[in-house]
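Let's take a walk through this protein together. Keep the sequence and the 3D view open while you read.

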Amino acid sequence: MPTYKNPIIPGYNPDPSCCKVGDTFYLVCSSFLAFPAIPIYASHDLVSWKQIGNVVTRDSQLDLTSQSVNNNGESSGVWAPTIRHHNGLFYVVTTRVDMSKPWEDESRYQNLIWTCKDPFNEEWSDAVEFVFPGFDTSLFWDDDGKCYAQGSESGKSFSLRQITQYEIDVKTGKPLSDKRQLWTGEGGIFPEAPHIFKRGDWYYLLTAEGGTYMDHSAMLARAPTVWGPYERCPSNPVLRPPAKEELIQTVGHADFFESSPGTWWAIALATRIIGPNSPMGRETVLIPGTWTGDWPVWDLPVKSVMDTPNLPPTQPLAREGAFIAPSLNEFGKPGKFAPHWLFLRNPVYKNYDILSPSELVLTGTAETLSSHVKDTTFVARRQQDLKFTASVTLAFTPQGKEEAGITVFLDPIRHYEVFVEYQGIGCRTTVMGAVGLQSGVANFLKRDKPQVEEFDAIAPIPDGEVTFKVLGEEDKFRFFVVQGGEEIEVADGPASEVSGGFCGTLVGVYATGNGDPSTPPAKFTNFKYEPIA
C-alpha cells in the first residue's frame, strides 16, 4: 500500500489551508512576524511540496513594523490564512492580530484579502480590508455565487469566542448582510479556525477547539443552509488529541478537501514533541479519510509514516515559476531574496546586499534580535529537520559595539547566537522569563522579561574570516567555530528554551550595532543547511 511521511511540510508552517485548481494543490500557512508573509506551496501529489512564493512581498500589502511578541511568547502578526479559488482568481484571507491590544478592542484585528491569477508567476494584489471583530477569517462561495466571510469573534476574554458570519463583497470588503452567530462549538475553549464547505445538500462547518497545544482538536457541524441551524457531528471531535506517547501532537486547525471526486483529505497543524522539546513548532500534516454516511472519519492517530490506497500517483512538481528557488542554500540574486528567506517584520532593504547566490552583505542598525521595532538586520530560513547542520563563513571587522553572527531564532524573546565582536568570538542566550510554563499553555500565565546570558571573548577572532557551524539535535543546539578544518565547540543551548508559542525556529544570520548605528559591513558566504539522516 502506498505510504507517505508526516509532516508533509516540515518546520514552521502552522494553520494550513489548501485548495485544488486543475492538477495542482495550493497550500498557505501562518507567518506571524515573518516577512515575506504567508508562504504558498504547491504540489501535484500531496506529498512532494515546493514553495512557489509568498502572498505578501511588498510593504504596500502589509505593515508589520509595530508587531512583536509578548513575554508569554504569544506573537502578533499574520494569523491563520485561508486560500480559495473562484472564477479564475485565487483569494487569500487572513487576520493581522495586534497582541498589545485588548481582546475586545476591534482595532486589534485587521482582516485582509489578497488576490492573484497565477501564484507561480504573478505577485499578489494589495489588500482589500474588511471589518470583522475577530480573527481566523475564511471565505465560502455558495452555488449561487454569493460569498460569505466567517471568523472567530472575540468577546472580553481571549477564551470567550463564537463563530459568526456575514455575506461579503470581496471586491470592496463591504458586508452585504447582518452578522449572525453560526455556532459556539462543543463547549471547549477557543472555538476558532472556521471553514465552511458543501457536500451534497449539506453545509459543513469545521472549527478548532481546545487551544493550539495538547488539547487541540477539530469539531464539525452541518446545516441545511449556509446560515444554519448547525447540528454537531455525533463523533466530535473529528480530529482528537492523541495519546501522550505519540510523537505527533496538537493536531487541529484543519482544512478538509477532495483530491478527486469522493476522495477526501484533511490537512492540519501538528507538533513533533520529544520530551520538552519542539523547536520547529507547529508543522503541516496530511490525514486520509473516508465518509460514513454524512460524516467523515479520519485515519487517527497521525503518524510519521502513514499508508493509504488513495494517495495520488507520485508526481513531483513539474511547473516552473518566477519565484521558485533553484537551491534552498542560495540567498537569491542581486536585489531579490529567494522566497524561503525570512526577515523579522518589514525589512529595510538597503541593509541587505546580495552579491551573488552565495554572498550576502549585511549592515546592522541600532536594533538587535530582541528589538520590538522594524529595522533589525536579520535573515533566516526555517529549521525543517529534527537533526541538521548549518554553517556560514563571516568576514567582519567591528569597530565598537557592533556584532554579526549566526543565530537559532524562535522570536525576539527566545534565541541563541554566536558572533564576532570587538573582543573576539561571543555567544548569547535569550530565553523566556520566569513564572512557570505549565502543560505547554503559555497563554494562562504572566512572565517576567526575558533572561539574557552573554559570554564575551570565548575564542579569539581568526585572521580574515571565521566559519560558524550549528548542529541541531533533538534536545539541544551546539555551536562551533571552524578553524583549520577543526570544529571547536563554543556554546550550546537546550532545544526546550526555543520551543513553544506560535512560531518555529529559524536558522540564519544577522548584524547589529547594539544600540548605536552600525557601519562595518558583515559579509556572509556559503550558507549551507543540511539534514542529518
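A polar contact is a pair of N or O atoms within 3.5 Å; within protein, one of the two must be able to donate a hydrogen and the other to accept it, and residues adjacent in sequence count only if both atoms are side-chain atoms. Here's one to find: the side chains of D15 and S30 are joined by a polar contact of 2.5 Å.

Before going on, a word on what you're looking at. This is a predicted model, where local features need pLDDT of at least 70 and side-chain atom pairs count only at pLDDT 80 or more, while totals for chains, interfaces and linings use all residues. Residues are numbered from 1 along each chain as its sequence is written, and side-chain values use heavy atoms, with hydrogens and water left out.

Back to D15. You'll find D15 in the loop between β1 (3-5) and β2 (17-21); strands are DSSP runs of E, at least two residues long, numbered from the N terminus. D15 is buried, with a relative accessible area of 4% (buried means under 20%, exposed over 50%, partly exposed in between, using a 1.4 Å probe and protein chains only). Leaving aside neighbours within four places in sequence, D15 is in contact (heavy atoms within 4.5 Å) with residues including V28, F32, H253 and R282.

Which residues does the UniProt annotation "active site" cover? According to that unreviewed entry, D15 and E192; such annotations may be inferred rather than shown by experiment, and their positions use the numbering used here.

Next, look for an open sheet of four strands in the order β11-β12-β13-β14, with antiparallel pairing (two strands pair if DSSP finds at least two bridges between them). Its edge strands, β11 (134-141) and β14 (180-183), each pair on one side only. β13 (residues 161-167) and β14 are held by three bridges, and T164 has Q181 in β14 as its bridge partner.

Finally, find β9 (residues 109-116): seven of its eight residues are buried, so β9 is largely enclosed by the rest of the structure. Eight bridges join β9 to the antiparallel β8 (residues 89-97), with V93 partnering I113.
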